[in-house]
Amino acid sequence: MPPSLVQTFRGFAYNNAWANHRLLTACAALSQAEFAAARTGFFPSLQATLNHIYVIDLFYIDALEGGWLGPAAWANEVPFRSIAGLKPAQRAMDQRLIDICDALTPERLETIVKINRDTSVQTERRDRLLMHLFQHQIHHRGQAHAMLSETSVKPPQLDEFFAAGEAPLRAQELAELGWTETTVWGG
């Protein structure tokens, strides 16, 4: 039986959190100077890129939860100067996104989300906004991955999506996150 669209969004939310965990765990091996060092990318450092992911997540996840935070989400573009502060904050943000996706129904995917843009209110269907958010994450994680390759820390593999035959290879990381395959896929 093919998975439901709701399960697909849940899978994306869990995969997103797993990829963030892998990337931020690798970045934790960097010195503070390496984390903040100028690098080539849309944002000028790993610090700026990974914080950008966090603040945009904050913006959209707040809207998906019915909040009205709006552009105040990025009033501080680098709320976490160190990876030690960013990693648990991103994990909590990822859990909020998982919770949103765990609460989805086929009908809820079609509901409209209002997004505070300060000077206007943007409206988007929930499914489209979630796809946008996942794409944003993937895009900037890719840039951070490339930046990390300029350091002595080996970038983690981020191009996987929970292949069933590779479950044993990720079991330790899922355990670190408090998950099992059943958590992600039900059972």
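Which residues line the largest pocket?

Modeller: The model is a predicted one, and the description that follows should be read accordingly. The largest pocket has a volume of about 180 Å³. Its lining consists of Phe12, Asn15, Asn16, Ala19, Phe134, Ile138, Arg141, Gly142, Leu158, Asp159, Glu160 and Phe161. Helices α1 and α6 (126–148) each contribute at least two residues to this lining. By class, the lining residues of the pocket comprise six nonpolar, three polar and three charged.

Glu160 lies in the loop between α6 and α7 (167–177), whereas Arg22 belongs to helix α1, so the pair ties together parts that are 138 residues apart in sequence. Both partners fall under the 20% limit for burial: Glu160 is buried at 19% relative accessibility, and Arg22 is buried at 14%. The contact also belongs to a network of salt bridges that links Arg22, Glu160 and Glu173.

The search of the whole structure finds one cavity of 30 Å³ or more, and the volume of the largest cavity is about 40 Å³. Helices α1 (5–27), α3 (46–64) and α4 (83–102) each supply at least two residues of the cavity lining. That lining has four nonpolar, two polar and one charged residues.

The side chains of Arg10 and Asp102 meet with an N to O distance of 2.5 Å. Since Arg10 lies in helix α1 and Asp102 in helix α4, this pair ties together parts that are 92 residues apart in sequence. Arg10 counts as buried at 13% relative accessibility, while Asp102 counts as partly exposed at 36%.

Another of them joins the side chains of Glu181 and Arg170 at 2.7 Å, N to O. Here Glu181 lies in helix α8 (residues 181–185) and Arg170 in helix α7, so the parts tied together are 11 residues apart in sequence. Glu181 is partly exposed, with a relative accessible area of 25%, whereas Arg170 is buried at 2%.

Key
Residues are numbered from 1 along each chain as its sequence is written. This is a predicted model: local features need pLDDT of at least 70, side-chain atom pairs count only at pLDDT 80 or more; totals for chains, interfaces and linings use all residues. Side-chain values use heavy atoms; hydrogens and water are left out. On a 1 Å grid over the protein atoms alone, a cavity is a set of points where a 1.4 Å probe fits but cannot get out, and a pocket is an open set with protein on both sides within 12 Å along at least five of seven lines; lining residues have an atom within 4 Å of a point. Grid points are joined across faces, edges and corners, and a volume is the space filled by probe spheres set on the points. Helices (H or I, at least four residues) and strands (E, at least two) are DSSP runs, numbered from the N terminus. Ala, Val, Leu, Ile, Met, Phe, Trp, Tyr, Cys and Pro count as nonpolar, Asp, Glu, Lys and Arg as charged, and the others, Gly among them, as polar. A salt bridge is a side-chain nitrogen of Lys or Arg within 4 Å of a carboxyl oxygen of Asp or Glu. Buried means under 20% relative accessible area, exposed over 50%, partly exposed in between (1.4 Å probe, protein chains only).
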